[in-house]
Each structure stands twice: as C-alpha cells, then as structure tokens.
Amino acid sequence: MTDTNDRSPVFVHPTADVEVGAKVGDGTKVWHLAHIRSTAQVGAGCVIGRNVYVDAGVTVGDLVKIQNNVSVYQGVTIEDEVFVGPCAVFTNDFRPRAQNPDWKITPTLVRRGASIGANATLVCGIEVGEFAMIAAGSVVTKDVQPYQLVAGNPARPKGWVDERGEVISRDVDNPPQRG
C-alpha cells in the first residue's frame, strides 16, 4: 500500500512474493525471497528480512523487524515494535502429525516491544509480554511476563529488563516497580 500523503512507499525486492490481498503498511521493506500470504497483515515501517515467511491470517504490527529465515505461521500475532532475531521459530500445533484431520491452530501472542533472540523457539499457546526479552537459543514453553528476561532450554526467568533491553534486576521473583 502506498500513499502520496507524505508516506514512504512499500519496498518489495523483485525476488519476494507478496500475494494479492496481503496488506503491507507504508514504508515497510520486504527483502529477498520473503513470502507474505494473501490474508496476512504487515504494519507500517517494518523490515521483513531475507527468506521470511508470513503465513495466511498472521498480523504483524508497525515498526517490527523480522530478521532472516523466520517463519511466522498462522495463529501468531506480533504487536508493534517487536524484534524477531534470525532463525527464530514459531510453532502453531501442539501435536504435529503429517496427517491430522482434527488439527487446530494454537495461537501465540507477542506483545509490543518484545525481543526474541536468534534461534529461539516459541512453542505455541504462549504470550510474550510487553518489552520482554528472550535470549538467543531459548526454547519458550510458558508465558513470559512483561519486561521479563528468559533464557535456556526450557526458558527460565533470569531477571528483568527496561524498555531499552538493559537488565535492571536479576531478582527473578520480584519485578521492579514501574511508574
């Protein structure tokens, strides 16, 4: 979508595939070999990296960066200002089978400002809170609280961060007061 009212046009690399019907916001850049399905919505000012797949029905907010080689499957919602590191993985099925006529999507929600490190895996059915930070390589199987730092396999609380991602406390049981 482009608009001449002082907005930047969408950039789509010639090797990318943005299907008819997909909504892509002003100023978004879609890079090499990316694929955005027909019913996906990608907000304004986003960067969709090389070889990123955004599935049908996915919603991606404004000012989101999805780095190379990430697949965002149906059932995933990413709010504004989220960072998704390279090769991060989202799932959408608790019991995957090649043939399953009763298959149901299990949704995942990533709240505003959260950061997901490279090669992290997010098992479906979780919510990642505002400005939470998931360390590289983590396997997230449970909800992550707002501003919480998690790491490991399975991911466990390691502390609390501020809106810039700076660690402000390592006391995993007592989140700092905000306000």
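I take helices (H or I, at least four residues) and strands (E, at least two) as DSSP runs, numbered from the N terminus. On that basis I find zero helices and 23 strands in the protein chain.

**Ground rules.** I am reading a predicted model, where local features need pLDDT of at least 70 and side-chain atom pairs count only at pLDDT 80 or more, while totals for chains, interfaces and linings use all residues. Residues are numbered from 1 along each chain as its sequence is written, and side-chain values use heavy atoms, with hydrogens and water left out.

**Confidence.** I looked up pLDDT, the predictor's confidence in each residue, from 0 to 100. The mean for the protein chain is 95, and 97% of its residues reach 70 or more. Residues 1–5 fall below 50; beyond near neighbours in sequence, this stretch has eight contacts in the model. A contact here means heavy atoms within 4.5 Å. Where pLDDT is low, the predicted coordinates should not be read in detail.

**Overall form.** I checked the radius of gyration, taken over C-alpha atoms; the globule rule is 2.2 Å times the number of residues to the power 0.38. For 179 residues a compact globule would come near 16 Å, and the protein chain has 17 Å, which agrees. Its C-alpha atoms fill a box of roughly 50 × 45 × 25 Å along the principal axes. Buried residues (under 20% relative accessible area; exposed is over 50%, partly exposed in between; 1.4 Å probe, protein chains only) make up 39% of the 179 residues. Of the contacts between residues at least 6 apart in sequence, 15% join residues at least 24 apart.

**Aromatic pairs.** I pair rings of Phe, Tyr and Trp (its six-membered ring) if their centres lie within 6.5 Å; planes under 30 degrees apart count as stacked, over 60 as edge-to-face and the rest as tilted. The count comes to three aromatic pairs. One of them is Tyr53 with Tyr73, tilted, at 6.0 Å centre to centre and 55° between the planes. Tyr53 is in strand β8 (residues 53–54) and Tyr73 in the loop between β11 (71–72) and β12 (76–78), 20 residues apart. Tyr73 is partly exposed at 32% relative accessible area.

Phe131 and Tyr147 form a stacked pair, 5.5 Å centre to centre with 25° between the planes. Phe131 lies in the loop between β18 (127–128) and β19 (133–134), and Tyr147 in the loop between β20 (139–140) and β21 (148–151). Both Phe131 and Tyr147 are buried. What sits over the ring of Tyr147? I find the charged end of Arg178 there, 3.6 Å from the ring centre. My test is NZ of Lys or CZ of Arg within 6 Å of the ring centre and within 35 degrees of the ring normal.

**Asn92.** I located Asn92 in the loop between β14 (89–90) and β15 (108–110). Buried or exposed? Asn92 counts as buried because its relative accessibility is 11%. Its side chain reaches the backbone oxygen of Gln74 at 2.9 Å. Leaving aside neighbours within four places in sequence, Asn92 has contacts that include Tyr73, Trp103 and Cys124.

Most residues other than glycine have a negative phi, and most peptide bonds are trans. The bond from Asn153 to Pro154 is cis, with omega near -5°. Pro154 is in the loop between β21 and β22 (156–161). Leu33 has a positive phi, near 60°, and is partly exposed at 43%. Asn51 also has phi near 60°; it lies in the loop between β7 (47–48) and β8.

How values were computed:
Polar contact = N/O pair within 3.5 Å; in protein donor to acceptor, adjacent residues only side chain to side chain.
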